[in-house]
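Subject: Structure for you to look at

Hello,

Here is the structure I said I would pass on. Please open it and keep it beside you while you read the notes below.

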Amino acid sequence: MLMHSQSQVPTAPEANTPPILSLDGITKTFPGVKALSEVALNLYPGQVTALVGENGAGKSTVVKILTGIYQPDGGAIRVDGHATQFPTARAASDAGITAIHQETVLFDDLSVAENIFIGHAPRGRFGLIDWAAMERRSNEILKSIGATIDPAQKLRDLGIASKHLVAIARALSIDARVVIMDEPTAALSHKEIQELYELVEKLKAQGKAILFISHKFDEIFHIADRYTVFRDGQFIGEGMIDQVNEGQLVKMMVGRDVDHIFPKRESHIGDEVLKVVGYDHPTEFAEISFDLKRGEILGFYGLVGAGRSEFMQSLFGITRPSKGVVRIDGRVRVIRSPADAVANGIVYVPEDRGKQGAITALPIFQNVTLPSLGKTSKNGFLRLAEEFKLAREYTERLDLRAASLDTNVGNLSGGNQQKVVIAKWLATQPRVIILDEPTKGIDIGSKAAVHEFMAELAAQGLAVIMVSSEIPEILGMSDRAIIMREGRIVAELDGDDLTPETLVRHAAGISQGATT
Amino acid sequence: MTTPANAIPDRLQTPWESRLKSWEALLLLVAIAIFIANSFASPYFLNAWNLSDATFNFTEKAMIAFAMALLIISGEIDLSVAAIIALASTAMGAAVQAGAGTPVLILVGLGTGLLCGAFNGVLVTRMGLPSIVVTIGTMSLFRGISYIVLGDQAYRGYPSDFAFFGQGYVWWVISFEFVLFAIIAVIYFVILHKTNFGRSVYAIGNNPTGALFSGIRVNRVKFILFLLTGLMAGIAAICLTSRLGSTRPSIAFGWELEVVTMVVLGGVNILGGSGTIPGVVIAAFVIGLVTFGLGLLNVPGIVMSIVVGALLIGVIALPRLWSQWRQR
Amino acid sequence: MIKSLTTSREVLLFAAIAVLLGLIATRFPGFVAPSNLADVFNDTSPLILLAIGQMIVILTKCIDLSVAANLALTGMVVAMINVAMPGVPVAVILVIAVGLGTLLGMINGLLVWKLDIPPIVVTLGTMTIFRGIIFLLSDGKWVNSHEMSATFKAFPRAEFLGLPVLSWTAILAVIVFTIVMTRTTLGRAFYAVGGNAHAATYTGINVGKTQFWAFTISGALAGLTGYLWVSRYAVAYVDIASGFELDVVAACVIGGVSIAGGLGSIGGALLGALFLGVIKNALPVINISPFWQLAISGSAIIIAVAVNARANREKGRIILKSAEQAA
Amino acid sequence: QDDMRIALVVKALGIGFFEAAAKGAEEAAQELGGVEIIYTGPTDTTAEGQIEVINSLIAQGVDAIAISANDPDALVPALKKAMQRGITVISWDSGVAPEGRQMHLNPSSNPLIGNMIIKLAADHLPDGGEVAVLSASATATNQNIWIEEMNKVMGNYPGIEVVATVYGDDLADKSYREAQGLMQSHPDLDAIIAPTSVGIVAAAQAVEDAGKAGQINVTGLGLPSEMAGAIESGASKSFAIWNPIDLGYSAAMIAHALATEAATAEPGAAIPMGRMGSVTLDDTNSGAMADPFVYDSSNIDAFKSIF
Ligand SMILES: Nc1ncnc2c1ncn2[C@@H]1O[C@H](COP(=O)(O)OP(=O)(O)OP(=O)(O)O)[C@@H](O)[C@H]1O
Ligand SMILES: Nc1ncnc2c1ncn2[C@@H]1O[C@H](COP(=O)(O)OP(=O)(O)OP(=O)(O)O)[C@@H](O)[C@H]1O
Ligand SMILES: [Mg+2]
Ligand SMILES: [Mg+2]
């Protein structure tokens, strides 16, 4: 299967059954971002269609359009060939479409059973909600996906994997013809993933159409019958999965050869700057010890929910560890707050950009200078000229694209927002920079820029910690990698030991020999 | 990779129409309209002494409103301000009984305000409790202490030089309170719009998590804001006590909502993150002019409050209705 | 298990009330006599009714500061109707009271839903406007006991199975709204909207509309209470129940309703209201100067939020396996 | 053509007693001619509210202010300012401290009232008994003075014991609750004395609701129109009040006399009050209008439609 140019009409799939659901020329624009431009998608009964594309390609946006959460700006949705609209989430589920969304959209304070059935709870006499039936049916569904979760339990008390299983159970509680799964396995353990695969087979056998979104190629090839590729909001192509190989698929996704993504770099590793000894937290992580040298990029790998972010935030002073010592340049430092961390030269680029990274309602220059106001101000009084100077210096180094420096950060694209956050920290001239999922959800061009820049920082002698869930990124960027699982460090790898297999094995806790 | 090819301008030109559409401009227009309407409605309105008297209707509340504005911009609220006035006034009254002179009274008033503010601040920042609930509680507690101390009694007998703060004139019709109000307005303008502290208040109000992750000491800033609000309530207590010449536990009853109304009418977002001091200043004048103008016509206070309530909702609702209507 | 978790807070509060009653009984045994407890309950009934409505509003992450003003306005309107047309039967008066209260609640709800104005601003505004309207309607005059018809005044006092109708109304409201909140789609939507508005949208719940219904219910209950209040105290004037909105919010907070939304129960609101009611009724009886009352209820509010916050401060997420087991 | 403007400032608008007083003031204006009465006041009984009202009256340059004060001290600075601007200031009903007014008109003499309220209770308790006082707000001067005067003459009523004094703040619901509390904590209570028109109605209602009408006698100061029901039900056997119409009338008359300088307010002076005769001032420049009048089932019907 060859890559199609964007203007070409998609090739017709070799199918004799018509699709249950199809999208035609769907367009969706957000302020500043064209998330989808005239994409097509076809879902066939009894078949699994894998939707692949880089972060930000528009996959989740399609899911939200199919489930009535977003309204498309143009194009048609067809069910059994009839054009239709989903003005509300209810309309979509009434049409037999159900989805496991990428973010878990559940209610922490409600019970598991209710999370599964909210909106379509079983009714008993007088139309009142029948709790007993709800819990019974929840139990059945949970059992069918191999989950041992008490339906009466409060969702808040579950771990991330269990929550994901609840989300899956919720999707199955609706008797649907189309089941959408947006990265359903990202947070699941090996065993749970196997059970999910069995479930998908079962659904297929029932004649349901399944849309399966994943970044994991092994599972796409394992489970999908068809594929559709998006890139930067464009439809690139579709076809039967057994007619492509991994390399071709990646090329369609990325639009160029994969080898060029990561910058070539030579490490100049210097003296130790940071040493963490015995960091413990009552519920989130335990016994974390490692060291970090100047000019080094240290990767932290793990499955989502492995506790990496939690630990990094503790290092940055957001939460307090119950035990543990940090040494910077050999001296013990106490970090009680982010302000302390910054004063000690440790800065953190969080993974949740919108909430933790940038203050989206404030202009770019104010975001950049926020931690450096001490430098730009005089006796506590603002000096705008100095602020613009500082902001200009660092945003230009990062090649930021924006209309002006007093544009609100919220109006920027994801990649440019990330640049503002990084610029903010570089302006403080840190010694250690922690990047948590630095390229999550940013477009391919910016991604390369961030990688290049990361390499440049390391070359200048900065110590870099990079938390990433993407194996290529860990392999391509880090000098050394630490793998975390369930809140603990399970391995530290470098050189030839650093292979996709070892990463996956340690992260998933699979014993030697077994593979996914 | 540092390619300065794409120079980003500092600012884009702000078209003057959009400035005219700002909240402050709208409010100023309302204020001017009310002023003109008042001058036609009552022959007594355009009189220097009368206008000067009118300022007493809002100066004390406005002093608190400035600190409250900062607090609300930061995403918190303090409903106990009126109760702090009662407690501070009671403390001053007790000091008078103990034979304190004016300088000590001032210290007692300010000190009580600061203490109350610190108490709120500790509950909110240390214990992480929601400020709206905490201050509903301390509102009863502070005033309750006044009632316990005073019961059905009143403190009076304030020294004669103490009367200056609420009754004195600095020059011609310019009262001391008005001058104090103006000075405090300028100070808060500078704090909010010209200092690092003010910048962090906005940052916290827009996104407390983001501010914390940017190395701002969020809790410290919030604590200071509670202290400032307490302090302003203390200052207001001094002025009001001096103006009344006596202390009863029911003093300044219900002022908290009037202060919040002033702040919100001034364009401060009750959910935090935006608002300006000039807006609050204009709102103070609007409320003062409305109440005074209607007062001259002997309209009962409660009818004035309909006007203020309608302004509060109307000024927010009308632009939204307008834009919804235009989108049709 | 979920039941035991949520009820534990209520059990705690129930225990607190029991202890309080015990303490009062040591100083004045007559207070815990069933007939007196029934009086206390009757006296607290208006607070219970309003707290139920307020709890629903707070659940959806809003607040209704206009309940007391709504109560006063509806009360005045029905009182004036009674004066003008003494023949209008109580059933019609009840319908008018609930109807008018509902309408006023809907105004709040519409402003929040359609214009997206923050609830605190909306209800702060309508609170003063409603009070002002009472003044305009009544010209500031009181409607006194002797002007009201006997049947108008008799309704809340009429005894049925040993309890006045006022108490029965509160009991009925508790039962009805417990069913609504636990067994109906709308009731669960209130929880969903306040717990996670984003997720609620994903499950097809209209957040604004749900909030609108919360305000509507709060308004309806305030209207009903308006009639009961005015007929029970046999007087209507501009300032009745002034400041009562804060008592109502306090009852909810003491009852464990989270001001951040999504957490709370009718039982909690009921117990919170009773807690305040017991304190209010007990103070004069056990000879504590009424001047202590404010400070005591203020302290109760602060302690209650602190205790509730502590109880809620469970870890949001648990990664370590050992910790997950323990939870 | 310039009418003389006399402002009648009351504790709060909407209270029946003051509405009746306003009627009396209008009557005086009619009689005098060329007088305009401005009836005003805050909507809640606060001193701050009255100060705002006074400020706007000063601004309008009224000729006289006759005020029933919410607080004797807090109003002094504002009223002083009024006097400095040449406005005649008197207080009536509830007084202002001497430096804040030219004279004060008591509705009746305080000792008389103090004696009257306890006598009303005692008359129906020949064998003595327990009585309790339900006052208005704890800050209301007149209430406190009357209760004080009452305590002075307690010796004349052996067997009568005042077991409690509580405050209803002139709020119907609070007064009601306080009355309930009294009945609970004093099961043998025989009478409740409420020297306030709001409190007496609420107490009577509470007694009626408790089914104790006839058992506990509610008495004190009240308006016939508001108390008619209580007399009928037996919750109240009798109560007293001076005529508020006369009070408003007299206040307006005095204000007019002082403002036109037909009379001066000084100790010993006798100031004319039209049909009410004249009032003689004591050394604090205050004087009493008339004796309170007692209402019971025999005469209530004749008065209940008047005020
Ligand atoms: N609500 C929104 N407002 C503005 N931009 C949005 C919004 N939702 C998505 N986008 C943007 O639309 C583009 C597509 O996002 P989408 O979430 O669909 O990507 P995706 O393919 O699901 O990526 P991932 O693999 O990371 O899940 C991105 O650039 C994103 O930043
Ligand atoms: N129990 C949970 N309930 C809800 N969300 C959870 C839970 N555990 C983890 N998450 C969410 O999953 C994401 C990852 O968790 P965390 O940051 O602790 O692990 P991580 O190893 O850093 O994973 P990642 O690198 O994907 O962030 C975060 O967004 C976190 O909020
Ligand atoms: Mg996605
Ligand atoms: Mg993470």
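**What was found**

Chain C has 14 helices and 2 strands. Its radius of gyration is 20 Å, close to the 20 Å that the globule rule gives for 327 residues, so chain C is as compact as a globular protein of that length. Please keep in mind throughout that this is a predicted model.

Some further values for chain C follow. Along the principal axes, its C-alpha atoms fill a box of roughly 70 × 55 × 35 Å. Of its 327 residues, 63% count as buried. Among contacts in chain C with a separation of 6 or more, 80% come from residues 24 or more positions apart. The chain exposes about 11300 Å², and carbon and sulfur atoms supply 71% of that area.

As for C:A269, it is 118 residues from C:T151 in sequence, and the two C-alpha atoms are 31 Å apart in space.

Next is chain B, with 15 helices and 2 strands. The radius of gyration here is 21 Å, close to the 20 Å that the globule rule gives for 328 residues, so chain B is as compact as a globular protein of that length. The C-alpha atoms of chain B fill a box of roughly 75 × 55 × 35 Å along the principal axes. Of the 328 residues in chain B, 59% count as buried. Residues 24 or more positions apart make up 78% of the contacts in chain B with a separation of 6 or more. The accessible surface of chain B is about 12500 Å², and 69% of it belongs to carbon and sulfur atoms. In chain B there are 17 positive and 12 negative charges, with mean positions 10 Å apart.

Now the metal. What coordinates the magnesium ion (ligand 4)? The donors are OG of A:S309 and OE of A:E351, at 1.6 to 2.1 Å. The two residues are 42 residues apart and link distant parts of the chain: A:S309 is in helix α9 (residues 308–315) of chain A, while A:E351 is in the loop between β16 (346–349) and α11 (353–357) of chain A. A:S309 has a relative accessible area of 16%, so it counts as buried, because buried means under 20%. A:E351, at 27%, is partly exposed.

Last, two places in chain D. In helix α3 (residues 76–84) of chain D, the buried residues include D:V76, D:P77, D:A78, D:L79, D:K81 and D:A82. Just after α3(D), D:G86 takes a positive phi of about 85°.

The other place is D:Q215, in the loop between α7 (197–209) and β9 (217–220) of chain D. Is D:Q215 buried or exposed? Its relative accessibility is 53%, so D:Q215 counts as exposed. D:Q215 is 19 residues from D:T196 in sequence, and their C-alpha atoms are 21 Å apart in space.

Regards

Definitions and conventions:
Residues are numbered from 1 along each chain as its sequence is written. Chains are lettered from A and ligands numbered from 1 in the order in which they are written. This is a predicted model: local features need pLDDT of at least 70, side-chain atom pairs count only at pLDDT 80 or more; totals for chains, interfaces and linings use all residues. Side-chain values use heavy atoms; hydrogens and water are left out. Donors are N, O and S atoms within 2.8 Å of the metal (3.2 Å for Na, K and Ca); water is not among the atoms, so sites may look incomplete. Helices (H or I, at least four residues) and strands (E, at least two) are DSSP runs, numbered from the N terminus. Buried means under 20% relative accessible area, exposed over 50%, partly exposed in between (1.4 Å probe, protein chains only). The radius of gyration is taken over C-alpha atoms; the globule rule is 2.2 Å times the number of residues to the power 0.38. Contact means heavy atoms within 4.5 Å. Accessible areas come from the Shrake-Rupley method with a 1.4 Å probe; for residues, only the protein chains shown count as cover. Lys and Arg count as positive and Asp and Glu as negative; His and the chain ends are not counted. The place of a charge is taken as NZ of Lys, CZ of Arg, CG of Asp or CD of Glu.
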